Amino acid sequence: MPKIPVPERGEAEQAVWRALERVRDPEILRPITELGMVAGIAVDDTGEATVRLKLTIAGCPAARRIEADTQAAAESAPGIDRAQVEVGVMTPAERQAFVERVRGDRAHRAPQFGPNSLTRVIAVTSGKGGVGKSSITANLAAAIAAQGRSVGLIDADVFGFSIPGLLGLSRDGRVEQPTRVDDLILPPVAHGVKVISIGMFLGEADPRETAVSWRGPMLHRTIEQFLTDVWFGDLDVLLLDLPPGTGDVAISVGQLLPQAEVLVVTTPQEAAADVAVRSALVARQTGQRVTGVIENMAGLRQPDGTVLELFGRGGGRAVAERLSAAQPGADPVDPVPLLGSVPLSPDFRESGDVGVPAVLARPEDPAARELTRIAAQLLRQGPGLAGRPLPVSAA
């Protein structure tokens, strides 16, 4: 990994440098000093600091935030009365060094989440559409991030992508774009979650009026590129929002991420439970483990305290029980728990419409509370490291 040359600095410059170590690139979430983005620091006799900042590309989406954070940090340094930031752009050689620093010892383009990865990969699936799978996924991602974990989210529902809107990355028909640095794609960050979606690659097209119509090979290549070209860095958890059913994307994810766990979302309705079981069985055929079931759209509590069960009851438990039972002639399976039952909630729906997950915007809402609890439960039941190689060596 190329080292960043650190010139001799006086006491005031050192104070500014230490302050700038707190400024993180909002997409990579690492200090700008570590990434080679600080080209120089000068402090004059009047206490004015000048910071020469180098961005990766002209028009970097995060430019204003990085510049503002840099100025604020410099002005907070002891002995500094005011600061100015001079913004430039990296040369091709500096950009290449930046890419190598970001990738570290994984400099070659390869899937980041192979079988030996320490990142826990959870694919969220459902048998049919309309069960709230994407809303569940977005809120789980935000809740896990709020608990201090590093989280990535791949919107693999190519035909029905909705994650950018649910996380506030889509406004007035425009979806926030990832930053491209040579062949490195840096995903936008929303509510502490690194997010990528096909909706971010439609150019100037309004995603509300654009349809993606691809067949199997294109779908497989898209998922493969998300796992290879998009740089998520070191994640604790990677969530994938899969399309409903048992089609090409589910099969591709099984091939590319055989170690992934599968989380099944269903509703209390019996018909939804039947097809949810099928989606889990397909995941098992590719070697993935079903880690649990979430029942969404459970009873709606009325002002008088009664519960209106619009979609029936018991579907989530039925799916968990059927997935826990061994198939005739097949090997025994691990028990599949019902992780929770998320009630219907107007506030939960409204939060998704404005792009702020309910677990953050309205944490006391019953649906938000249940999903926060489920997120904590998922983290507690994470797989151990026994038998897995760790990226350490003896000194």
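**Asking about the labels**

Author: Met 297 sits in strand β14, which spans residues 289-298. This is a predicted model, where local features need pLDDT of at least 70, side-chain atom pairs count only at pLDDT 80 or more, and totals for chains, interfaces and linings use all residues. Residues are numbered from 1 along each chain as its sequence is written, and side-chain values use heavy atoms, leaving out hydrogens and water.

Reader: Why is Met 297 called buried?

Author: Its relative accessibility is 17%, and buried means under 20% relative accessible area (exposed is over 50%, partly exposed in between, with a 1.4 Å probe and protein chains only). Met 297 therefore counts as buried. Its phi is near 60 degrees, a positive value in a residue other than glycine.

Reader: And what makes Leu 29 partly exposed?

Author: Leu 29 has a relative accessible area of 26%, so it is partly exposed. You will find Leu 29 in the loop between α1 and β1 (38-43), and its phi is also positive, near 60 degrees, in a residue other than glycine.

Reader: How much of the whole chain counts as buried?

Author: Of the 395 residues of the protein chain, 49% do. The chain has twelve helices and 17 strands, which are DSSP runs (H or I of at least four residues for helices, E of at least two for strands) numbered from the N terminus.

Reader: Why are α4 and α12 called roughly perpendicular?

Author: Helix α4 (residues 133-146) packs against helix α12 (residues 366-380) at about 65 degrees, with axes 9 Å apart. Angles of 65 to 115 degrees count as roughly perpendicular, under 35 as roughly parallel, over 145 as roughly antiparallel and the rest as oblique. So α4 and α12 are roughly perpendicular to each other. By class, the contact residues are nine nonpolar, two polar and no charged.

Reader: Which residues bring α1 and α2 together?

Author: From α1 come Val 16, Ala 19 and Leu 20, meeting Thr 70, Ala 73 and Ala 74 in α2. This contact has five nonpolar residues, one polar and no charged.

Note on methods. Axes are lines fitted to C-alpha atoms, for helices over the stretch in contact, and angles run from 0 to 180 degrees between N-to-C directions. Ala, Val, Leu, Ile, Met, Phe, Trp, Tyr, Cys and Pro count as nonpolar, Asp, Glu, Lys and Arg as charged, and the others, Gly among them, as polar. Contact means heavy atoms within 4.5 Å.
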